[in-house]
Amino acid sequence: MMKDSVINGEDARIFYDKQKHYNAQKYDATRVYELIKPRSTLVDFGCGFGYLEGVIHKKVRHIFAIDESKAMIKQAKEHNYAKNITYMVGDAADSGLPSRSTDFVIMSFSLHHTSDKSKWLREAHRILKNDGSLIIIDRIAANRLAQLAFPFYWHFSYKQEHKWKEEMPKLILHDKIRELLKRNGFRFRSMKNLTFENHQLFKNKYYPRHVVVARKIETG
Ligand SMILES: C[S@@+](CC[C@H](N)C(=O)[O-])C[C@H]1O[C@@H](n2cnc3c(N)ncnc32)[C@H](O)[C@@H]1O
């Protein structure tokens, strides 16, 4: 079901500016920039206010950037617009884009928003070309212990700046991501931990994030 996002566009900008997340995410976007092929097409599920588009649009032929929040899309059009970006208000579980039409699907800090991750992955699989790839940037815990320990780390690191419980990220388990990818027609290719890169952008505190690359397993 479509709904407007909990965090609206302006709140998100203030939040990200305050935390310097925007700079850090721009930095992460350069990682995506390195992974994608020149002149390819790309679909971004949960684009937010389009920081990724602002960085990578120069390398690709076209980006379709989807977000369920009208406020986010409005911000994206105002701040990160280029001719080869089409911003759309829509649902990542049902994008309405044609089957086998894109080289890359990206989910940057958006997959953890949905309780039905398989739906997003199946939709990504449907719209990807047979040799297409999925790139996920998200908060991933290496194992159950890391997942359980995280709230303590978060509390002590960020309690001054965050409504710590409400804004605490949920970590997805590494094994869970791999299982979901397999179940929904993807071959896991790589996972890189970005947590310890450029942590000065997070006021020298570590913000967990990984980039996962998976390849679509071809269908008939
Ligand atoms: C934490 S933000 C991440 C935004 C951006 N990708 C980034 O990395 O900064 C998550 C975004 O996912 C969007 N979102 C959540 N559920 C969605 C859905 N079902 N379809 C499309 N977008 C969705 C939210 O509106 C929000 O803008």
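A: Of the 220 residues in the protein chain, 35% are buried (20 or more other C-beta atoms within 10 Å of the residue's own; 12 or fewer is exposed, and in between is partly exposed; C-beta atoms are placed from the backbone). This is a predicted model, in which local features need pLDDT of at least 70 and side-chain atom pairs count only at pLDDT 80 or more, while totals for chains, interfaces and linings use all residues. Residues are numbered from 1 along each chain as its sequence is written.

The chain has seven helices and nine strands, taken as DSSP runs numbered from the N terminus (helices H or I, at least four residues; strands E, at least two). Strand 1 covers residues 41–45; four of its five residues are buried, so strand 1 is largely enclosed by the rest of the structure.

Strand 1 runs parallel to strand 2 (residues 62–67), joined to it by five bridges; two strands pair if DSSP finds at least two bridges between them. Between the two, the chain passes through helix 3 (residues 51–56) in a right-handed β-α-β crossover: with the strands pointing away from the viewer, the path from the first strand over the helix to the second runs clockwise. Strand 1 also pairs with strand 4 (residues 102–108), again in the parallel sense, over three bridges. Valine 43 has a bridge partner in each of these strands: phenylalanine 64 in strand 2 and valine 105 in strand 4.

These strands belong to an open sheet of seven strands with mixed pairing and the order 3-2-1-4-5-9-8. Its edge strands, each pairing on one side only, are strand 3 (85–89) and strand 8 (186–193). Neighbouring strands are turned by 15° against each other on average, direction ignored; axes are lines fitted to C-alpha atoms, for helices over the stretch in contact, and angles run from 0 to 180 degrees between N-to-C directions. Helix 4 packs on the sheet, touching strand 2 and strand 3, and its direction makes about 160° with that of strand 3. Contact here means C-beta atoms, placed from the backbone, within 7 Å. Helix 7 (residues 174–183) packs on the sheet as well, where it touches strand 8 and strand 9 (210–216), at about 155° to the direction of strand 8.

The buried residues of helix 4 (residues 70–79) are Met72, Ile73, Gln75 and Ala76. They lie on the same side of helix 4, because they cover an arc of only 160° around the axis, taken from the directions from the helix axis to the C-beta atoms.

Phe45 of strand 1 is among the residues that touch the most other members of the largest nonpolar core, which has 44 residues; the others are Ala65, Val105, Ile106, Ala124 and Leu134. Such a core is a set of buried Ala, Val, Leu, Ile, Met, Phe, Trp, Tyr and Cys residues joined through C-beta atoms within 7 Å. Strand 5 (residues 128–138) gives the most to this core, with five residues. Leaving aside neighbours within four places in sequence, alanine 124 is in contact with Phe45, Val105 and Leu134.

Methods
Contact = placed C-beta atoms within 7 Å.
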